[in-house]
Amino acid sequence: MKKLRKIAAWLLVTVFAMVLMADFLAPASYETQFRESPSASPSQGHPLGTDELGRDRLSRLLHGSRISLLLAPAAAFLTALVAGLVGGVAGYLGGRLERMAMGLTDLFLSLPWFFLLITVRATLPLNVSPLVSVLITFALLGLLGWAASARVVCAGARALRNADFILQARACGCPRARLLLRHVLPNLRPVLLAQFWISIPVFILGEANLGLLGLGVSEPLPSWGNLLRGLESFSTLGFNPSILAPLALLVVVVSCFQLILSREDLPS
Amino acid sequence: MSRLRTACILLAYFCLSASTGVAQSGGELRFCLRSEPKTLHPLQVADESSETIRYLTGGVLIRVNRLTQELVPELAASWKVQHGGRSISFKLREGVSFSDGTPFTAEDVAFTIRALMDPQLHSPTGDSFRSGKGTPRTVLSGSHKITIIFPAPVAGLDRLFDQVAILSSKSPRKEQAVAGPFFVAEHKPGAFLLLRRNTHYWKRDAAGRRLPYLDSIRLDIQSNRDIEMLRFRRGEIHLINSLDVEYFDRLAGESDSWVRDSGPSLDSEQMWFNQVLSAPLPAHKKAWFRSKEFRRAVSSAINREDISRVVFNGRARPATGPVSPANKFWFNQKLQPHGHNPQEALRRLVQQGFRFDGTVMRDREGHPVEFSVITNAGNKSRERMAAMIQQDLAQVGIRLNIVTLDFPSLIERITRTFDYEACLLGLVNVDLDPNAQMNVWLSSASNHQWNPNQKSPETAWEAEIDRLVQAQASASDPKKRKAYFDKVQEIVWEEAPFLYLVNKNALSAVSPAVANITPVVLRPQTYWNIEQIHLSAQRSASQP
């Protein structure tokens with residue numbers, strides 16, 4: 001198991017290093033359209049072939065991975081932070097505050113996010129650069145995805161509230177803030193970490209789905225989301241299996257994230 | 001010996017009938033409707049599926065031949081347009097019956113016209129005939145002669161009758177009694193419609209055999225295009241009337257004999273700039289968008305040939321203007337599509353005081369030239385076209401931001417709030433006559449997309465277009481009308497309020513089991529000659 005975790009860690013480091021060096025490794029610019037060779041099969045010049053507009057698939061994969069691998073964890077971190085704050089405090093303090101916080105969470109969970117996101121996008125300014133559009137997309141995902149995680153964190157905090165060591169600390173006169181920061185939050189770490197890791201692929205796929213609604217990353221910037229849209233035409237796989245590359249990379253990265261989590265870190 | 005001879009003769013007869021095409025073999029043609037027909041009443045048709053049913057079941061006085069684009073007599077043996085399009089006289093075909101056996105007479109035509117123009121019915125088909133205040137009058141001269149008099153001249157009057165399915169005034173089955181080749185025998189909402197052969201149909205083939213050849217048509221309601229493709233591949237359906245280029249190429253890859261490319265269709269893809277004066281845009285951008293030179297420069301920077309080749313895999317042609325070359329009569333042959341010429345684009349912009357430093361184009365006041373284009377999310381070909389235009393414009397230092405929006409938000413922006421800079425959309429054209437485009441070209445119209453609902457034309461060229469489209473609408477001589485609309489096309493080409501990008505080809509899929517089929521560019525592309533279509537017995541056995 002240890003060996004497997006080491007391999008996973010190395011794989012992740014390699015993937016991160018590759019995407020950070022995308023500018024040097026990519027055979028071409030991710031936006032250059034080689035219009036004479038659209039939808040080309042893999043070749044020396046284009047190791048993964050080209051997309052429908054003749055753009056180099058490998059270059060787009062490297063740059064798209066950079067965006068998704070940096071921004072999806074950032075959005076997941078935002079979610080975990082809000083979930084930890086709302087769920088942790090509500091679960092630990094309990095009573096009316098917990099009921100109010102969970103009521104708010106339920107309200108968030110019951111809102112039709114699909115339509116709300118459409119409305120949000122419709123009200124955003126149109127003239128934004130692709131980079132700003134990608135930041136808006138992931139920020140929206142991060143800010144709107146905390147509710148389910150908050151419920152899990154709240155349940156964990158509630159369980160801790162009555163734990164023996166908390167009672168003992170309280171009996172020793174430990175102040176409430178210190179109790180929360182030094183005893184409760186560290187013990188919620190596995191739950192928060194699990195929510196963080198789970199959120200990453202969810203946000204990557206969420207961004208892909210939003211792309212279909214016009215909320216995703218705008219052209220010409222690539223992301224795993226809009227690269228995965230290539231799989232919509234499943235029957236074209238026979239012509240060029242290299243369009244599976246973003247999916248394969250997504251599976252590898254998410255699996256590696258799961259493997260490097262220690263068993264103790266995972267919630268029971 | 002005589003028994004043997006009889007057996008030989010019979011055998012020869014069967015062999016012969018099996019080998020000579022079997023037009024008389026009947027059979028059931030199957031294809032899909034993309035949605036449930038909203039109505040089966042032929043005068044209330046407003047959607048494509050209902051239109052299909054009307055086409056297959058309705059008997060009309062005059063039909064536009066989809067192949068030649070000429071008018072041909074149907075239930076009317078002859079007709080004459082009089083008083084500059086104010087009245088039309090028909091001599092009706094005799095000995096014709098509706099599907100329930102009720103005879104067809106001039107009374108039925110009068111009844112249909114009354115129903116068509118009845119304000120209570122709100123017939124979308126009837127709207128085309130509303131030329132002035134008042135209702136049309138019908139004058140019957142015998143049982144098979146009728147004159148319809150309208151309150152004011154109607155442009156292209158005879159062509160409009162292609163859409164009017166005649167109802168029976170006497171049949172107890174009301175609009176279910178039809179004079180077309182088929183009638184609706186069964187309808188399971190959400191699942192299918194079964195049309196059966198009208199045994200009273202009046203047409204006969206050259207050999208005197210009663211048409212149509214087919215016994216029935218089964219129309220399955222299927223909105224999912226992937227499933228439609230799968231069913232076609234399995235041989236469960238015989239036709240796909242309209243195909244996207246992606247599906248077309250996929251089928252062509254499997255068998256060339258399944259697909260038909262009928263050439264450029266009437267549909268176009270275009271981009272336009274928001275020229276509404278009250279739009280919430282910075283003043284300098286409004287000035288760009290209202291400048292002809294700016295619009296022409298952007299048009300010159302766009303490589304339409306590349307868009308046709310890359311996005312549509314060569315199954316589209318660079319578009320010239322509001323009329324597609326597929327429209328044989330109305331297309332202005334003198335015009336050519338705006339060519340791709342970045343140098344010309346730069347020259348036009350520099351003439352207007354723009355400066356290009358090699359990477360960024362700036363206007364006279366130093367604003368970098370940057371604008372956004374909105375298009376509907378999920379439409380891959382439009383997203384790809386936008387990405388190609390983005391790269392084309394980058395070559396002349398213009399930065400284009402692409403925004404894909406859900407359709408309701410997009411419509412809200414282009415029709416109500418006018419909070420957009422440029423828009424990329426397509427126009428589906430079903431009518432050959434330019435009168436159908438009146439609501440686009442009149443400056444006061446709501447569909448005058450770049451600057452709708454003007455109280456009076458804001459520019460001289462829009463005033464001229466208003467004058468010309470009104471003149472062509474009130475003229476009855478087709479040549480005069482054509483001359484007027486040619487001029488409209490020239491002004492639109494010169495001023496470029498719409499940057500016409502491509503005319504997509506009409507693509508369809510046809511099973512080899514179907515005979516006598518000749519797909520065309522006009523709707524309905526594949527089954528326009530439905531009476532003549534039949535299934536080939538030999539081929540249906542080996543169908544994919």
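User: Which residues of H11(A) are buried?

Analyst: In this predicted model, the buried residues of H11(A) are A:Ala245, A:Pro246, A:Leu249, A:Leu250, A:Val253 and A:Cys256. They lie on the same side of H11(A), because the arc they cover around the axis is only 135°. On the other side of the helix, A:Ala248 and A:Val251 are exposed. Helix H11 of chain A, residues 245-260, reaches 22 Å from its first C-alpha to its last, close to the 22 Å expected for its 16 residues at 1.5 Å a residue.

User: What is the phi of B:His83, and is the residue buried or exposed?

Analyst: Most residues other than glycine have a negative phi. B:His83, however, has a positive value near 50°, and it lies in the loop between strand S4 (76-82) and strand S5 (87-92) of chain B. B:His83 counts as exposed because it has 11 C-beta neighbours inside 10 Å, the cut-off for exposed being 12 or fewer. B:Ala496 also has a positive phi, near 50°, in the loop between helix H16 (478-495) and strand S19 (498-510) of chain B, but B:Ala496 is buried, with 24 other C-beta atoms within 10 Å.

User: Where is B:Pro212 found, and is the peptide bond from B:Leu211 to it cis or trans?

Analyst: Most peptide bonds are trans. The bond from B:Leu211 to B:Pro212 is cis, with omega near 0°, and B:Pro212 lies in the loop between strand S9 (192-197) and strand S10 (216-221) of chain B. The peptide bond from B:Arg523 to B:Pro524 is also cis, with omega near -10°, and B:Pro524 is found in the loop between strand S20 (514-515) and strand S21 (534-535) of chain B.

Definitions and conventions: Residues are numbered from 1 along each chain as its sequence is written. Chains are lettered from A and ligands numbered from 1 in the order in which they are written. This is a predicted model: local features need pLDDT of at least 70, side-chain atom pairs count only at pLDDT 80 or more; totals for chains, interfaces and linings use all residues. Helices (H or I, at least four residues) and strands (E, at least two) are DSSP runs, numbered from the N terminus. The expected span of a helix is 1.5 Å times one less than its number of residues. A residue is buried if 20 or more other C-beta atoms lie within 10 Å of its own, exposed if 12 or fewer, and partly exposed in between; C-beta atoms are placed from the backbone. The arc is that of the directions from the helix axis to the C-beta atoms.
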